[in-house]
Amino acid sequence: MWHLGLAWLPVVIVALTAIMMTMSYTIAVLDGHVATLFPYISDTGGKPPESCFFSQLFNMVAILVLCGSYVRYKQLQCLDGAIPEVVYKLNKVGLFLGAVVAAGMSLVANFQDTTIIKALHFLGASLIFLPGVIYAALHTIISYKLYPEHNSRTVCTIRLTVTIVTIIAVFLSAILGILASYQWDPPDGDDDKFKWKPEDGGYIAHLISTFCEWILGLGFVCYYGTFFHDFRKVDLKMNMRLHVDPFPVINEETHSISSAWSTEPRYA
């Protein structure tokens, strides 16, 4: 019997991210806020009305990424004694990196680079890309450690390929982005970097940098998508225990108080 488990989680992450990118880009281009050819992803959510959709959807993705990181962590923790000790250590680091990436997403979503506090936006971007690449590399190593008992060769190869591509993309995007900023010198005095034109200085470097950022973003989305098969094997239940009795029973003769509430844990 086919079991879904928590496989819906990576599917929703991929779908929401795709909707966010497509919607914010389309609105930004139609409103003339960004250049048509490969603007930075965050630039497509820098001005209203597209910034509203960008922020809302990216915050939702950030929460789901945090949940996905925790599910992946718990999944590997449940393989008690069946995996190498190094995997347990890498798994803990992976949980931390997943939380860092989610925090970075929230910062980028809520502090656009058009706001006064641009430093928080760039801090968020750095918390997404570098820890995100390390997270991908770390779980690729884990995947090979778990092959062939828990992962197929195909999944390992896909994760390795995506990791290599994202590593190359993150360094090219950062280096060429800095280079383009130094070379930027618009002849007409227009200082709107959201609409970088071919006649502006550093255009080629800027274009390659933005292209690499899109590759990087899509790479992260594809990587989370590879957890679909893994999460099919997982069901997560919440163990809830009340420490305060909400329904005390008072004996009118002895004036003693007893509990009418079961102390057994409830599962939801």
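Mentor: The expected span of a helix is 1.5 Å times one less than its number of residues. Keep in mind that this is a predicted model.

Trainee: How do you know that the span of helix α1 agrees with what it should be?

Mentor: Helix α1 covers residues 8–30, which is 23 residues, so it should span 33 Å. Its end C-alpha atoms are 32 Å apart, and therefore the two values agree.

Trainee: What follows α1?

Mentor: G32 does, and its phi is positive, near 75°.

Trainee: How much space lies in the largest pocket, and which residues are closest to its centre?

Mentor: The largest pocket holds about 1,100 Å³. It is lined by 45 residues, and Y40, S42, F122, A125 and E213 are the closest to the centre. Elements giving two or more residues to this lining include α1, α2 and α6.

Trainee: What makes a residue of that lining count as charged, and how many do?

Mentor: Asp, Glu, Lys and Arg count as charged. On that basis the lining of the largest pocket has seven charged residues, beside 27 nonpolar and 11 polar.

Trainee: Which element gives the largest share of the lining of the second largest pocket?

Mentor: That is α2, with five residues. The second largest pocket has a volume of about 260 Å³, and 15 residues line it.

Technical notes: Residues are numbered from 1 along each chain as its sequence is written. This is a predicted model: local features need pLDDT of at least 70, side-chain atom pairs count only at pLDDT 80 or more; totals for chains, interfaces and linings use all residues. Side-chain values use heavy atoms; hydrogens and water are left out. Helices (H or I, at least four residues) and strands (E, at least two) are DSSP runs, numbered from the N terminus. On a 1 Å grid over the protein atoms alone, a cavity is a set of points where a 1.4 Å probe fits but cannot get out, and a pocket is an open set with protein on both sides within 12 Å along at least five of seven lines; lining residues have an atom within 4 Å of a point. Grid points are joined across faces, edges and corners, and a volume is the space filled by probe spheres set on the points.
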